[in-house]
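Me: Hi! Could you walk me through this structure? I'd like to start with the charged pairs.

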Amino acid sequence: MTTKIPGIHHVTAISGPPQENVDFFNGLLGQRLVKKTVNFDAPDTYHLYYGDHGGTPGTILTFFPFVQAGPGRAGAGMASAYAYSVTKGRFDGLMEDLAGKAIDFAGPVERFGQRVITLRDPDGAPVELVETDREAETVLDGFHSVTLWERSAEATARVLVDIFGYAFAGEEAGADGSRRLRYVAPGDARGNIVDIYLSDAPSIGRPGAGTIHHVAFRARSYDEQVEWQSRLAKAGLPTTPVIDRQYFNAIYFREPGACCSRSPPIRRASPPTRISPTWARR
């Protein structure tokens with residue numbers, strides 16, 4: 001199979017009380033509350049979907065808001081951050097708007113030639129905003145990237161490059177001795193960047209409010225998703241069966257860097273098989 005992953009389908013995270021979450025992502029960041037449903041694995045809990053007005057893959061951030069959730073902490077073996085793209089010419093205005101609302105943020109700092117600021121959501125999770133050349137009517141234009149925190153890059157990089165078709169795009173060193181390796185999927189789809197963050201600093205990851213539950217990559221069709229299932233199995237990464245999540249089908253697997261941690265699996269998502277009024281098939 002010569003098909004390659006075009007980018008991120010969605011990111012799902014864990015939060016505390018839902019109203020604070022909605023106030024931040026819908027109110028402050030202007031993301032549309034695309035869908036409010038339930039967590040199919042824990043139906044007594046909401047599942048909140050944010051995205052653009054079409055619910056387009058590559059713009060969707062979802063949350064499981066557990067009211068009584070304890071605080072989580074990202075660590076090695078977990079997805080540790082996601083970043084939104086700030087559209088061309090809007091970055092300075094965005095910083096001024098946040099400052100005018102007394103919203104604290106870190107930065108800007110430069111990362112791979114792009115300015116980045118970091119906010120904290122109500123549960124303390126980082127929300128990165130990256131200056132880009134993307135053209136759009138909105139200030140935020142879906143995902144820019146996700147960051148995977150690893151102790152070693154090799155096994156995860158092999159999945160990204162040899163299986164998914166990403167290309168290594170560079171490395172940067174942090175002042176604290178950390179390293180950031182960038183991998184980019186071919187094309188210009190939203191969310192086509194994965195960063196691997198490497199640090200020797202002591203860390204013990206703990207799932208909970210303020211952590212990422214899983215990252216979902218995009219498949220263009222059901223048939224393609226089944227092909228990915230076979231390809232991953234041949235690479236020694238068995239997946240779940242195809243699971244109907246009503247708005248999309250999904251298969252799950254754990255990437256090698258997460259195999260010995262408690263971090264949740266990576267998901268491979270295909271376009272929806274049943275469409276809600278606010279969810280656009282792509």
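Reply: Happy to. One term before we start: a residue counts as buried under 20% relative accessible area, as exposed over 50%, and as partly exposed in between. Keep in mind that this is a predicted model.

Me: Got it. So is Glu131 buried, partly exposed or exposed?
Reply: Glu131 is partly exposed, because its relative accessibility is 24%.

Me: Which residue does Glu131 form a salt bridge with?
Reply: Its partner is Arg115, and the closest N and O atoms are 2.8 Å apart. That pair links distant parts of the chain, with Glu131 in strand S8 and Arg115 in strand S7, 16 residues apart. Salt bridges with shared partners also join Asp92, Arg115 and Glu131 into one network.

Me: Tell me about Asp92 and Arg115 then. How far is it from N to O?
Reply: The side chains of Asp92 and Arg115 meet in a salt bridge at 3.0 Å, N to O. Asp92 lies in helix H2 and Arg115 in strand S7 (residues 114-120), so this pair ties together parts that are 23 residues apart in sequence. Asp92 is partly exposed at 40% relative accessibility, and Arg115 is partly exposed too, with a relative accessible area of 25%.

Me: How many salt bridges does a search of the whole structure find?
Reply: The search finds 11. One of them pairs Glu135 with Lys88, where the closest N and O atoms are 3.9 Å apart. Glu135 sits in the loop between strands S8 (126-131) and S9 (140-150), and Lys88 in the loop between strand S5 (78-86) and helix H2 (91-100), so the two tie together parts that are 47 residues apart in sequence.

Me: And are Glu135 and Lys88 exposed or partly exposed?
Reply: Glu135 counts as exposed at 61% relative accessibility, whereas Lys88 is partly exposed at 47%.

Me: Switching to helices. Which residues are buried in H2?
Reply: Phe91, Leu94, Met95 and Leu98 are buried there. Seen down the axis of H2, its buried residues fall within an arc of 100 degrees, so they line one face of the helix. They pack against helix H1 (18-28), S5, strand S6 (106-111), S7, S8 and S9.

Me: Why would residues point the same way like that?
Reply: An α-helix has 3.6 residues a turn, so residues three or four places apart point the same way.

Me: What's on the face of H2 turned away from its buried side?
Reply: That face carries the exposed residues Glu96 and Gly100. Just after H2, Ala102 takes a positive phi of about 60 degrees.

Me: How about H4? Which of its residues are buried?
Reply: In H4, the buried ones are Glu224, Gln225, Trp228 and Leu232. Here too, the buried residues fall within an arc of 100 degrees seen down the axis, so they line one face of the helix. Asp223 and Lys234 are exposed on the other side.

Me: How long is H4?
Reply: H4 (residues 222-234) has 13 residues and reaches 19 Å from its first C-alpha to its last, close to the 18 Å expected.

Me: Last topic: which residues touch the most other members in the largest nonpolar core?
Reply: Phe25, Tyr82, Tyr84, Leu129 and Phe164 do, out of 51 residues in that core. A second, separate core of 7 residues includes Val34, Tyr49, Phe248 and Tyr252.

Definitions and conventions: Residues are numbered from 1 along each chain as its sequence is written. This is a predicted model: local features need pLDDT of at least 70, side-chain atom pairs count only at pLDDT 80 or more; totals for chains, interfaces and linings use all residues. Side-chain values use heavy atoms; hydrogens and water are left out. A salt bridge is a side-chain nitrogen of Lys or Arg within 4 Å of a carboxyl oxygen of Asp or Glu. Helices (H or I, at least four residues) and strands (E, at least two) are DSSP runs, numbered from the N terminus. Buried means under 20% relative accessible area, exposed over 50%, partly exposed in between (1.4 Å probe, protein chains only). The arc is that of the directions from the helix axis to the C-beta atoms. Contact means heavy atoms within 4.5 Å. A nonpolar core is a set of buried Ala, Val, Leu, Ile, Met, Phe, Trp, Tyr and Cys residues joined through side-chain atoms within 4.5 Å. The expected span of a helix is 1.5 Å times one less than its number of residues.
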